[in-house]
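Subject: Handing over a structure, with notes

Dear colleague,

I am passing this structure on to you, and my notes on what was found in it follow below. Please have the structure open while you read them.

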Amino acid sequence: MIEFELIHEDTRTKARAGILRTPHGDIETPVFMPVGTKATVKAMTPDELTAIGAQIILGNTYHLYLRPGHDLIREAGGLHAFMGWEKPILTDSGGFQVFSLSDMRKITDEGVEFRSVVDGSTHFFTPEKVIEIEEAIGADIIMVLDECTAYPVERPDAERAVVRTYEWAKRCKDALTTDQALFGIVQGATYENLRKRSAELTVELDFPGYAIGGLSVGEPHSLMFEILDYTVPILPREKPRYVMGLGNPTSLIESIALGVDMFDCVLPTRVARNGMALTSEGKLNMRNARFARDYSPLDPAHDCYVCEKYSRAYIRHLVQAGEILGARLLTWHNLAYLIDTMADAREAIIEDRFAQFRDTYLSEHEKEFGIV
Ligand SMILES: [Zn+2]
């Protein structure tokens, strides 16, 4: 069970600051949720995540089902106990991975058949099966199985996905036997009336929270915000709203202004392993020769452990030498940077100066971060 309390709504934008209460602790929103795909946020221990202010992390149902298997996780006492993380967890439904990773998949109204990325074996996800897996994993917040469409998609296919997502959402709700908070997901691709219809249908089912799926899948930046602008207001004011798969700092700030409370993305951790830092100066490719003798902090405007202790020259050296510590330090900083940016945004909302905060942040960073 969760409870969502709105602390303040900005007067000039639709931004909100809230508290999401879960069985494993309170979450201050807006919030960025680091992704722990395979029961680990890559390169970070739970204590380190706590040190940088992570309030909730994600687990991926698809990956955990394939390896180590949800029965093993249940036997270990659930994902919290298994991975040693005592704060809230959210699991996705695995739908996105089934639709994006699997080379072979067959979708029917009953469910979706797919081939494992681990060993090529064949599996079948139904809404009921996904709820069984998510119950075994035991996250505080769990997601319905939805049909994700790619970009671009023809209207009849997008329409069918909306209907199927609604039917599957009903079945997920009926299958749930625990008091975990099950969130509905809005689909509808880039079609305004499909998005609105999907939002209305999902809201009718009365979930404790709502996600907007199928965004940030290659559509133009401006189109994504247009979709959020007309979809978010259909979702109930008193429930948390979550945009799945968004991690570009400027996109988060713009989405917060449209009334979104929760975000997740592999971006900060994935780009870290490629030698990229997200900083107040934008994206820095630490392989760049210009950092070879740069003994200044990674981000002079940031005060995390990494920025306090290590120079750009040292981090560049680690990345160039393929040292594990390079990926670890960049992961640490990138997550801390996003989490701190969310905390700054929250403070600005509470002090009713978010419009100014957004304008300043976007004018300083839009060019550097670009469109992701
Ligand atoms: Zn830092």
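Which residues in α6 are buried? They are Pro127, Val130, Ile131, Ile133, Glu134, Glu135, Ala136 and Ile137, where buried means under 20% relative accessible area, exposed over 50%, and partly exposed in between, with a 1.4 Å probe and protein chains only. Helix α6 spans residues 127-137 and is mostly covered, with 8 of its 11 residues buried; helices (H or I, at least four residues) and strands (E, at least two) are DSSP runs, numbered from the N terminus. Just after α6, Gly138 has a positive phi of about 80 degrees.

Before going further, please note that this is a predicted model, in which local features need pLDDT of at least 70 and side-chain atom pairs count only at pLDDT 80 or more, while totals for chains, interfaces and linings use all residues. Residues are numbered from 1 along each chain as its sequence is written, and side-chain values use heavy atoms, with hydrogens and water left out.

The zinc ion has as its protein donors His302 (ND1), Cys304 (SG), Cys307 (SG) and His333 (ND1), at 2.1 to 2.3 Å; donors are N, O and S atoms within 2.8 Å of the metal (3.2 Å for Na, K and Ca), and because water is not among the atoms, sites may look incomplete. The site is tetrahedral, with angles of 94 to 119 degrees among its 4 donor atoms, a label that four donors receive if all angles lie between 85 and 135 degrees. Along the chain, the donors follow the spacing H-x1-C-x2-C-x25-H. Cys307 lies in helix α12 (residues 305-309) and His333 in helix α14 (residues 324-350), so this pair ties together parts that are 26 residues apart in sequence. Cys307 is buried at a relative accessible area of 5%, and His333 is buried at 0%.

Ser93 sits in the loop between β6 (89-91) and α5 (95-101), and at 3% relative accessibility Ser93 counts as buried. Its side chain reaches the backbone nitrogen of Gly95 at 3.2 Å and the backbone oxygen of Val144 at 3.1 Å. Leaving aside residues up to four places away in sequence, Ser93 touches several others, including Thr61, Phe125 and Glu134, contact meaning heavy atoms within 4.5 Å.

With best wishes

Terms used: Four donors count as tetrahedral if all angles lie between 85 and 135 degrees; four count as square planar and six as octahedral if opposite donors are over 155 degrees apart and all others between 65 and 115; anything else is irregular. A polar contact is a pair of N or O atoms within 3.5 Å; within protein, one must be able to donate a hydrogen and the other to accept it, and residues adjacent in sequence count only if both atoms are side-chain atoms.
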